[in-house]
Amino acid sequence: MSEEAKNRSGNRSNFHPGTVPMRKAGTEIRGKLHAETIIVGGGVIGCAIACELATRGHDVLLVERARIAGGTSSAAAGMLAADSEEFTHAVMAKLARQSKALLHEQKERISSLSGVDMGLQQSGFITPFRSYSEVSDYKNSRSSNFSEKPIWWDRVAVQQEASWLNRNTYGAYYRPSESEVLPVHLTQAYVRSAQAMGARVVEGVQDVRLHTDFNGVQGIKTSIGTMTSKNVIVATGLHGDELMKQVDIGLPVLPVKGEIAAVQFSPHHVGFRPDKTVYAEDIYIVPKANGEVWLGATSLPGKTDTKVSVQGIQKLLTAATSWVPGMKEAHFLRAWAGVRPSTPDGLPYIGACDSIPGLFAAFGHYRNGILLSAITGSLMADLIYGKTSEELGIQDLSPNRMNRKEILSEYHCQRTNHAN
Ligand SMILES: Cc1cc2nc3c(=O)[nH]c(=O)nc-3n(C[C@H](O)[C@H](O)[C@H](O)COP(=O)(O)OP(=O)(O)OC[C@H]3O[C@@H](n4cnc5c(N)ncnc54)[C@H](O)[C@@H]3O)c2cc1C
């Protein structure tokens with residue numbers, strides 16, 4: 001594994017791989033392969049879909065050009081911020097809550113099938129404020145679309161409940177049911193469960209091209225041969241648009257780079273270590289199941305590199321030590337960056353592509369792909385089994401909303417004006 005990959009995946013000492021080996025693109029699978037459904041992309045989304053389809057007894061083959069969980073999913077903080085994110089779109093708010101609940105429900109089964117502990121913790125999230133005016137700005141800018149009303153802590157309550165937070169904190173909202181995972185472990189847990197239930201997984205497959213004819217999808221062509229299938233699901237995150245372009249479907253993906261730092265508290269300073277996630281306006285501070293504390297994240301639209309800037313990390317450390325002064329005693333471990341796959345309207349593409357029967361999109365999850373992974377797996381499986389977007393209430397996420405000439409040209413105009 002490269003140094004960069006090691007940095008992104010977090011502390012591997014807690015990583016318990018399952019017993020089912022991944023296949024590398026090699027001679028034994030060279031030639032023709034067939035599956036009912038091929039999934040392209042082995043990030044958290046592709047692996048969650050593979051897991052759900054395999055659970056339903058479906059014949060599924062997942063192909064990944066590099067390695068499982070090597071893309072954006074390895075860079076995430078792993079928060080399942082279903083309420084703290086405060087989605088303004090009603091469908092997204094509902095799906096986020098359903099997804100978090102589903103993941104909690106599936107945890108035991110996926111862990112035992114895969115042998116991977118996904119590091120799921122439910123310690124709650126705190127949104128702290130420095131002044132009364134910060135609280136009222138927050139209230140005014142947010143919908144009151146909470147599934148669970150947050151608990152208000154005044155200054156005294158903050159000091160009692162979170163003594164490690166800055167003593168000048170005016171007050172905070174606390175959402176006890178919020179939770180988080182180790183994202184690479186979750187992705188591995190999905191894929192190894194899928195394999196345990198019969199899914200085939202091949203890493204290192206290059207030059208994937210969608211293979212279609214006038215009847216619709218026929219499969220994919222790759223560096224190791226042709227693979228035929230009835231359905232193809234494109235789950236390639238940031239690179240979803242590249243595959244879709246091959247068949248004249250325009251589904252723009254907008255990159256938003258983010259940087260994260262990891263620190264660790266020594267046993268002497270354990271009292272300074274946050275035991276709940278801080279979900280502030282300027283930073284999130286996430287105590288992880290592997291003992292580390294992750295500080296994130298910067299947001300740099302349009303950037304696609306994964307270099308870590310001094311400026312970015314300085315900003316994170318300044319915000320973190322301002323909320324948690326004891327953070328100064330922690331050891332700096334490492335920092336990494338990833339690129340979030342956003343879309344022009346901020347909604348993921350989840351659904352069938354009308355122009356090519358058998359072709360499906362599942363990408364563009366921006367800053368919530370870990371949170372939305374379980375529900376995306378379930379929705380995609382329902383679609384493959386013949387349900388419609390309308391029946392599932394997810395027409396707003398359909399890829400067909402964007403793939404219309406007039407919408408795409410409006411989007412290109414906006415981009416050109418913005419660039420000028
Ligand atoms: C700094 C940061 C913090 C984040 N924090 C959170 C968080 O706290 N909570 C949350 O829910 N989300 C978070 N996210 C967002 C989350 O990481 C993404 O939404 C999610 O990982 C997207 O998953 P994916 O499977 O779509 O993409 P990826 O993980 O990028 O997977 C796509 C895969 O497709 C493969 N691929 C690409 N092209 C091809 C091809 N042509 N052929 C074959 N394979 C291909 C890639 O190699 C890759 O493995 C964060 C993201 C960043 C960057």
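**View 1. Helix 2 (44–55), strand 13 (254–264) and strand 18 (331–342) each bring at least two residues to the shell around the ligand.** Everything shown here belongs to a predicted model. Strand 18 gives the largest share of that shell, with 3 residues. In total, 35 residues surround the ligand, and E64, S73, M79, Y366 and L371 are the closest.

**View 2. The ligand lies between two domains.** Domain 1 (3–76 + 184–252 + 345–419) and domain 2 (125–176 + 255–342) both contribute residues to the shell, so the ligand sits between them. Sorted by class, the shell holds 16 nonpolar, 15 polar and 4 charged residues.

View 3. Of the 1000 Å² of accessible area that the ligand has on its own, the protein covers 96%.

**View 4. Strand 12 (residues 225–234) pairs with strand 2 (residues 33–40), strand 11 (residues 216–222) and strand 20 (residues 359–363).** With strand 2 the pairing is parallel, over 7 bridges, and V40 has V234 as its bridge partner. Strand 11 pairs with strand 12 in the antiparallel sense over 4 bridges; here G219 stands opposite T228, and a hairpin of 2 residues joins the two strands. Strand 20 runs parallel to strand 12, joined by 3 bridges, with V232 opposite L359.

How values were computed:
Residues numbered from 1 in each chain as written. Predicted model: local features only at pLDDT ≥ 70, side-chain atom pairs only at ≥ 80, totals over all residues. Heavy atoms only, no water. Near = heavy atom within 4 Å. Areas by Shrake-Rupley, 256 points an atom, 1.4 Å probe, with all protein chains shown as cover. Nonpolar A, V, L, I, M, F, W, Y, C, P; charged D, E, K, R; others polar. Domains from an automatic or database assignment. Pairing = 2+ DSSP bridges.
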